[in-house]
Amino acid sequence: MAISIRTELDLQRAMYELLEQQSISQITVEQICQRALIHRSSFYRYYTDKFDLLAQMVMKALEELLAAEQADAAGSVVMSRYIGTHTQVLRHLLVTNTEGDNARSQQVINDCFLTIAHAGAMDRVFVMIRNARQPDLTAYLVSGAITSIVQWLSSDRRDGGDPKIQAAIETTLASLFSLEQHI
């Protein structure tokens with residue numbers, strides 16, 4: 001059954017707003033549904049759980065990042081901007097939970113990276129993932145780098161949107177993303 005665009009956007013908006021406020025571990029399907037003004041049974045008609053919704057959100061974000069990269073700048077610049085703009089959400093998704101949901105969140109991101117890489121995305125990072133001897137390990141390397149950056153930002157409550165911090169993240173990502181030249 002196809003999900004209506006309005007329902008999809010309402011659920012994604014609700015999940016995003018909740019992630020701005022609390023860890024993925026603390027978010028329940030009931031909270032998502034209440035915020036989206038959607039009955040819980042409607043949620044389960046389209047998604048198996050909150051991580052299924054998260055996977056759709058990550059795929060959409062990656063597609064938007066790829067479009068921005070093609071229209072604007074290198075992947076490291078676009079990813080740095082994304083991390084800076086969404087630091088709090090990423091912190092609640094990948095770092096601040098105590099129930100192990102960060103591993104599941106990272107698995108969702110990893111799976112999305114693999115899906116986009118295998119779909120033929122021409123971004124250097126996705127080409128690197130696709131051409132690697134172990135694509136799943138390479139995808140984990142990339143998603144792990146993002147997690148590490150968010151942990152670094154969280155360690156001293158750094159502002160991911162600060163221009164100096166943005167430059168540091170961009171340089172780090174550019175170094176990481178250039179590794180495929182040496183493999």
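Me: A helix here is a DSSP run, H or I, of at least four residues, and helices are numbered from the N terminus. What follows H9?

Reply: Good place to start! Keep in mind that this is a predicted model. Helix H9 covers residues 135-155, and after H9 comes Arg157, with a positive phi near 50°. Arg157 sits in the loop between H9 and H10.

Me: Why is Leu37 called exposed?

Reply: Set the value against the cut-off: exposed means over 50% relative accessible area. Leu37 has 74%, so Leu37 is exposed. Arg157 has 59%, so Arg157 is exposed too.

Me: And why does Asp162 count as partly exposed?

Reply: Buried means under 20%, exposed means over 50%, and partly exposed is what lies in between. Asp162 has 29% relative accessibility, so Asp162 falls in that middle class. You will find Asp162 in the loop between H9 and helix H10 (163-177).

Me: How do you know that the span of H9 is close to what is expected?

Reply: The expected span is 1.5 Å times one less than the number of residues. For the 21 residues of H9 that gives 30 Å, and H9 reaches 30 Å from its first C-alpha to its last.

Me: What makes Phe113 a contact of Leu62?

Reply: Contact means heavy atoms within 4.5 Å. Beyond its neighbours within four places in sequence, Phe113 has contacts that include Leu62, Phe126, Ile129 and Ile146. In the largest nonpolar core, which has 54 residues, Phe113 is among those that touch the most other members, along with Met15, Ile32, Ile83, Phe126 and Ile129. Helix H4 (residues 50-71) gives this core its largest share, nine residues.

Me: Which helix gives the most to the lining of the largest pocket?

Reply: H4 again, with eight residues. The largest pocket holds about 420 Å³ of space, and 21 residues line it; Met57, Val58, Ala61, Leu62 and Tyr82 are the closest to its centre.

Me: What classes of residue does that lining have?

Reply: The lining has 16 nonpolar, two polar and three charged residues. Leu and Met count as nonpolar, so Leu62 and Met57 belong to the nonpolar class.

Conventions: Residues numbered from 1 in each chain as written. Predicted model: local features only at pLDDT ≥ 70, side-chain atom pairs only at ≥ 80, totals over all residues. Heavy atoms only, no water. Core = buried A, V, L, I, M, F, W, Y, C linked by side-chain atoms within 4.5 Å. Buried < 20%, exposed > 50% of the residue type's maximum accessible area, 1.4 Å probe, protein only. Helix = DSSP H or I, 4+ residues; strand = E, 2+ residues; numbered from the N terminus. 1 Å grid on protein atoms, 1.4 Å probe; cavity = no way out; pocket = protein on both sides within 12 Å on 5 of 7 lines; lining within 4 Å. Points joined across faces, edges and corners; volume = space filled by probe spheres on them.
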